[in-house]
Amino acid sequence: MVLEATMICIDNSEWMRNGDYSPTRFQAQADAVNLICGAKTQSNPENTVGILTMAGKGVRVLVTPTSDLGKILACMHGLEIGGEMNLAAGIQVAQLALKHRQNKKQQQRIIVFAGGPVNYDKKVLEMIGKKLKKNSVALDVVNFGEEDESKTEKLEALVAAVNNSDSSHIVHVPAGSNALSDVLLSTHIFTGDGEGGSGFAAAAAAAAAGGVSGFDFGVDPNLDPELALALRVSMEEERARQEAAAKKAADESTSQDATMSENVGTSASEAENKKDDLMDDENALLQQALAMSMDEPAATVTTRDTDMADAAVDDQDLALALQYSMQDGAKDQSEDMGKLLADQSFVSSILTSLPGVDPNDPSVKDLLASMQNQPSESEQKKDDDKAPKEDDK
Amino acid sequence: MSTESAAAAAASAILRNQVDLLDFIDWAGVECLNQNTAHPFPNALKQGYREDEGLNLESDADEQLLVYIPFTQVIKLHSIVIKGPEDEGPQTVKLYTNKEHMGFSNVSDFPPSDTLTLSPENLQGKPVVLKYVKFQNVRSLTIFIEDNQSGSDITKVQKIILHGSTVETTDMKGLKKIEDH
C-alpha cells in the first residue's frame, strides 16, 4: 500500500506494429498498461498514474498523474503508431511530470515499456539513472519487442544505476504464446515490494486462468455483499431445518418429539417465507424455540411468557408455532393452548394464512370441530393431519 | 588573541540564550535527497546517533546532499555546527528558509538565505554564526551541501547541530484540555 505517483512511458514507435506478441505488440502493451493502472489505483486509492508516449512526433504527455482510472484508460484510445522511441527524453519528461505532482508525499516511480531499439549510449543512460536515483525516483523497465544484445545491456545498466535498495526492476519478456500482461502479473511491477497490488494481481491471475473464483457461493462479498449475505443466511436456515429433520428421524420413540420437529419445521418454513422482512428476528426466535424444545422439556413459565410476548408482537403464525414447540414441556399447561385453539376465529385465520390449507376443506372443518371438544387429544390429531397437509405443499 | 576572544564570545553567546533546536524538529517531515540508505540522515541529526563518531550521513549518487528540516514551531536560527571528516566533510553549504520540497534542480532558482564555506575548524565543531536577521522567522530549513573539502564523490557528515531560540508560538501538541471541576 505504498503511496506512489507513477508515470508510464509507452512505446508507440513503428516497431510496435509487429505481430510476434498477439495480436500486435502495441495491443499487448496497451493491455499491460491497463492492468498496471488498475493495480496501482486499487492498491492505494491516493495513488496517481500518468501516461506519456515516447515515439511519434515527439515525447508527449497524454495525461498527468491522476487517480481517475477512467481518464487514464480513455487516453489509451486513438494512439497512433509511428516514429522512433526516444528513451532518454521520455524518462526526463516523466521525471519532470513527477516533480510537479500535486501530492508531494507520494513516492516517484517511472515504468518504461521499451519495445523498439535503444539508440543512446550506455554512458548517457547511466547518467540519467544516477540523476533519477539522486532525486529518489524508482524505475521499472519492461524489455520486450526487439531482441538485441546491446539493448539488453544498456537497459540493465540503466536500472542498475537507478536501483536503490531493490526499488527498481527490469523484466525481459520474450515473444511467445504468453501474453505480455500475464507475464508481468507475476513480476515485481504488480506485486509491488511483496504486498500492495498482490490482491489485485491474484484476482486477475485467477480470472485469467479461468478458474473458480474461490468464494463461498460464487459471489464476491466485495462486489455484492447483500447477495452474499442472503445466500449465507439461507444456507444456515437450510442447515437448521435439516438438523431439525435429522433430529426428527433420530427421535422416533416419542411422537411428541416428532410433532415437535414437524412444528419446528413448520415454523422454519414460515420463517423462510418472511425471510426478507424479519430475518434476524426469525432466526433468533427459531433458535430459541429449538433450544427450548430440544434441551429443556420442562420449559420455565417466564421464558415461555417472554417468548409469547415477542412472538405475539411479530406475527400470529410464529406465535402459534412457538406454542406448539413448547408443548412438550407444557403438557400440563395445555389449558392455555386449548383456549387458544378453541378460539375458532383465531385458528381459522391461522389456517387461511398457511399455504396449501383450505379452510373449506372438509377434513379441516372436521378438525376444527373436534378440536373444540377435545383440546389435548385433538391437538395431536390435528398436528398429525396437518403434517401430511404440510407435506403436500 | 582577539580572534580567540571573539570565538570565545561567540561560543558564550550560544550558551547564553540559545538552545539546541533538536527538540523542535518535526521528525515526520524531515527529508533527505541523495542520501545513502545505509547511512541516512538520523545518523547526523538524531540525539544518540550524532554523538557516535562512526555514524555518518553519506551521499549516494554524487557529492551533493539536500536535507529538508521542518520545525514544530517558528524559530530563530542563530548558528549551526556541522561536523564531518576532514577531507570528505562538506565545504560549501547553502541554507534556504521556508521553502518546501526543494529539489536539486531548483536550488539555483532563488538565492539562499545564507551561504557558508566550512573550514576544517568548523568541521571539528566550531559553530558558524549565521546572518541572524535572515533567520528570524523560520518554519523550515533546507540545507544544501554543494561540495566537499576534497572534491570526492561521497560527502560525509557526522553531526549537524542547530542553535537558536523559539518565537512565542503555541505548540498545538502541548495544548491540554482544561478539566472542569
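This is a predicted model: local features need pLDDT of at least 70, side-chain atom pairs count only at pLDDT 80 or more; totals for chains, interfaces and linings use all residues.
A residue is taken as buried under 20% relative accessible area, as exposed over 50%, and as partly exposed in between. By that criterion B:E88, with a relative accessible area of 22%, is partly exposed.

In chain A, a salt bridge is found between A:R17 and A:E14, with the closest N and O atoms 2.9 Å apart, and A:E14 is partly exposed at 38% relative accessibility. A network of salt bridges also links A:E4, A:K40, A:R109 and A:D140.

Between them, chain B and chain A bury about 920 Å², of which 48% is on carbon and sulfur atoms. Of the area that chain B buries against chain A, 40% is supplied by B:D60, B:A61 and B:H101, more than by any other three residues. The contact draws 10 residues from chain B and nine residues from chain A. Two salt bridges are found across this interface, and six residue pairs are in polar contact between the chains, with both residues at pLDDT 80 or more. On the side of chain B that touches chain A there are three nonpolar, five polar and two charged residues.

B:D62 forms a salt bridge with A:K134, the closest N and O atoms being 2.9 Å apart, and a polar contact of 2.9 Å joins the side chains of A:K134 and B:Q64. B:Q64 is located in the loop between strand 3 (57-58) and strand 4 (65-83) of chain B, and with a relative accessible area of 17% this residue is buried. Beyond its neighbours within four places in sequence, B:Q64 is in contact with A:K134 and with residues of chain B including B:N34, B:F104 and B:F144.

Chain A contains 17 helices and six strands, and buried residues make up 43% of its 393 residues. Among contacts in chain A with a separation of 6 or more, 72% involve residues 24 or more positions apart. Helix 5 (residues 149-162) has 14 residues and spans 20 Å from its first C-alpha to its last, close to the 20 Å expected. Its buried residues include A:L155, A:L158 and A:V162, and the elements covering them include helix 3 (87-99), helix 4 (122-134) and strand 5 (137-143) of chain A. Helix 9 (residues 225-250) has 26 residues and reaches 37 Å, close to the 38 Å expected; A:V233 and A:A240 are among its buried residues. In helix 1 (residues 25-43), A:C37 is buried with a relative accessible area of 1%. Residues touched by A:C37 include A:I8, A:V49 and A:I72, and the C-alpha atoms of A:C37 and A:I72 are 7.7 Å apart, although 35 residues separate the two in sequence.

Conventions:
Residues are numbered from 1 along each chain as its sequence is written. Chains are lettered from A and ligands numbered from 1 in the order in which they are written. Side-chain values use heavy atoms; hydrogens and water are left out. Contact means heavy atoms within 4.5 Å. Buried area is the accessible area (1.4 Å probe) that two parts lose on being put together, summed over both. A salt bridge is a side-chain nitrogen of Lys or Arg within 4 Å of a carboxyl oxygen of Asp or Glu. A polar contact is a pair of N or O atoms within 3.5 Å; within protein, one must be able to donate a hydrogen and the other to accept it, and residues adjacent in sequence count only if both atoms are side-chain atoms. Ala, Val, Leu, Ile, Met, Phe, Trp, Tyr, Cys and Pro count as nonpolar, Asp, Glu, Lys and Arg as charged, and the others, Gly among them, as polar. Helices (H or I, at least four residues) and strands (E, at least two) are DSSP runs, numbered from the N terminus. The expected span of a helix is 1.5 Å times one less than its number of residues. Buried means under 20% relative accessible area, exposed over 50%, partly exposed in between (1.4 Å probe, protein chains only).
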